[in-house]
Amino acid sequence: MAALWDIPAVQTATWAFVKAMIILNGMLGVVSYLIYAERKICGHIQARTGPNRVGPLGLLQPIADVLKLLFKEEFVPANANKVIFHIAPILAVFPAIVTFAVIPMGPPPTYVVTDINVGLLLFLAMSSLGVYAITLGGWASNNKYALLGGLRSSAQMISYELAMGLSTIPVLLKSSTLSLVGIVEAQAGWYSIPGTPLALPNWGIFHWYLVLPFVIFLITAFAETNRAPFDLPEAEGELVAGFHTEYSSMKWALFFLGEYMNMIVISSIAVTLFFGGWHGPGLMFGTNGWLSEGPGWMGLIWYLVKLSALMFFFIWVRWTFPRLRYDQLMGFGWKVLLPASIVNVLIAALWLFARGGM
Amino acid sequence: MLAALFVGFAALLVVTSLMVVLHKNPVTSALFLVLAFCSLAGIYLLLRAEFLGMVQIVVYAGAIMVLFLFVIMYLNLQHDVETGLQIAVRRGIGWFVGALLLLTGAALLKRGWALGPANEVLPGAENGNVASIGRVLYSRYLFPFEITSILLLVAMVGVIVIARGRTRAAVERGAVAGAVEGGR
């Protein structure tokens, strides 16, 4: 047994498996309480209290919801394509979980499953695969509302993927690596504001040429996760419930899970690219020393704090803005976001070239 | 380990490619093609071409096949029900081309084949091949690269011209308001 453990490949594989299990179970727990948080925040935005009956402050509400979903009847419509109807919900969850393999949640190598040198491309690849779940779910249901929802979603996600990919390029130009661990490491330390004695953390967002990319990334993130104001695929006023009209029980829950997991993943990528990932001033020591000197779990806490702030923003936006019309959505994506992100790449490249950083 | 993974991915690739051709339902065929692209990406990863593997998924599986599916669903193709002389001719051509391809493949295989990369020296393996691909693409192969981008630009302009022409004709014929609305 000990001899087997000495093989490096076995150790790597075992640790990767353990981390994957922790992430999978952690995500399931986080998602259920994220839904609770969403309902609470939405309630307070609308001057209600939100769920407060099951357990103290309604904290047991997610458990009750999951139990209810588990015991509901599984329903498959007549003339539906049965195999694809069952595969689609699985496809909704799988890309989000795969992407988590490359997100650094703390100092490597402990707090990241694997560091590959095309981490950002893996995220883009998986987010482009995410569209299949919705398209196929809508098509296989044999329901015209579901089909319309699915078609809308594929058009929307393809359109916004371009702007999302282009908005990450200035970050890559700055850190000159595609590895997410490398991108986080490039944001360590302080960045002194020229002409003043002040200093800011060296995070992407504090560099002027990365502010617009962040805004574009955030807008496309809303569109990619099908959240309001871009939740056209499931616009209930026009499409009943969109692509998941015919889904019930745990298959519906998987779509729901996929949406929230995608939210977590895309917020994690935003934290990684623009907010310095797990970097933050060391709270433990009270000095201005960086976390790389402090314990590793402090990095995890910083990452979780930033992630929660972004998630709150996602929920806040959903309950604040009205839904866009479909032609407005397409026009905005192609005529505003895409040219803006291309111009951005040019500006960032020219600035970095002029400064001699390349 | 690598050989086992290669055999797995290659077998998956062969089976899914066959299913693309053999399956009757066009949507299922398209999905098998997506799986084929993914297993091809896996083979690229085994050859340490991780950039190529990821781009394979982003471009082919993520963008092009989604558009394919979009078209198939939009046309609502169900089953291939063509009969008569036309399908017989088409089948004949198909068998002929398939046999030709099989013969070529057999002739190539007879010359022996290697597992893994042909040359063991991997360019720029230490800092990933993204940087080396970029360097080669923007220096040695700059001209073909630019030509390709101009080709894509021409295709884009062509699509816009075709779409605009159709909209104008519809306006002149006094078509329904919906068509005008959609073209704007």
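What is the mean pLDDT of chain A, and what share of its residues reach 70 or more? I started there, since I'm looking at a predicted model. The mean comes out at 81, and 92% of the residues in chain A get to 70 or more.

**Confidence along chain A**

Helix H10 of chain A, residues 236–239, has the lowest, with a mean of 69. H9(A) has the highest, at 89. I also flagged residues 283–288 of chain A, where pLDDT stays under 50. For that stretch I noted seven contacts beyond four places in sequence.

**H6 against H9 in chain A**

H6 covers residues 144–167 and H9 covers residues 211–224, both in chain A. Their axes come within 9 Å and cross at roughly 155°. Angles over 145 degrees count as roughly antiparallel, so H6(A) is roughly antiparallel to H9(A). Left-handed or right-handed? I looked up the crossing of H6(A) and H9(A), and it is left-handed.

Then I wrote down who meets whom. From H6(A) come A:Gln156, A:Met157, A:Tyr160, A:Ala163, A:Met164 and A:Ser167. Across from them, H9(A) brings A:Pro213, A:Ile216, A:Phe217, A:Thr220, A:Ala223 and A:Glu224. Sorted by class, this contact of H6(A) with H9(A) has eight nonpolar, three polar and one charged residues.

**Where chain A touches chain B**

How many residues of chain A are in contact with chain B? I got 17, and they touch 16 residues of chain B. On the chain A side, helix H5 (119–140) and H6 each supply at least two residues. H5(A) gives the most, with nine residues. By class, I listed 13 nonpolar and four polar residues on this side of chain A, and no charged ones.

**A look at chain B**

Last, I went through chain B by itself. I found seven helices and zero strands, and from the N terminus on the elements run α-α-α-α-α-α-α. Chain B has 184 residues, and buried residues make up 14% of them. I also looked at contacts in chain B between residues at least 6 apart in sequence: 53% of these join residues at least 24 apart.

Terms used. Residues are numbered from 1 along each chain as its sequence is written. Chains are lettered from A and ligands numbered from 1 in the order in which they are written. This is a predicted model: local features need pLDDT of at least 70, side-chain atom pairs count only at pLDDT 80 or more; totals for chains, interfaces and linings use all residues. Axes are lines fitted to C-alpha atoms, for helices over the stretch in contact, and angles run from 0 to 180 degrees between N-to-C directions. Helices (H or I, at least four residues) and strands (E, at least two) are DSSP runs, numbered from the N terminus. Angles under 35 degrees count as roughly parallel, over 145 as roughly antiparallel, 65 to 115 as roughly perpendicular and the rest as oblique. A crossing is left-handed if the near helix is turned anticlockwise from the far one by less than a right angle, and right-handed if clockwise. Two residues are in contact if their C-beta atoms, placed from the backbone, lie within 7 Å. Ala, Val, Leu, Ile, Met, Phe, Trp, Tyr, Cys and Pro count as nonpolar, Asp, Glu, Lys and Arg as charged, and the others, Gly among them, as polar. A residue is buried if 20 or more other C-beta atoms lie within 10 Å of its own, exposed if 12 or fewer, and partly exposed in between; C-beta atoms are placed from the backbone. pLDDT is the predictor's confidence in each residue, from 0 to 100.
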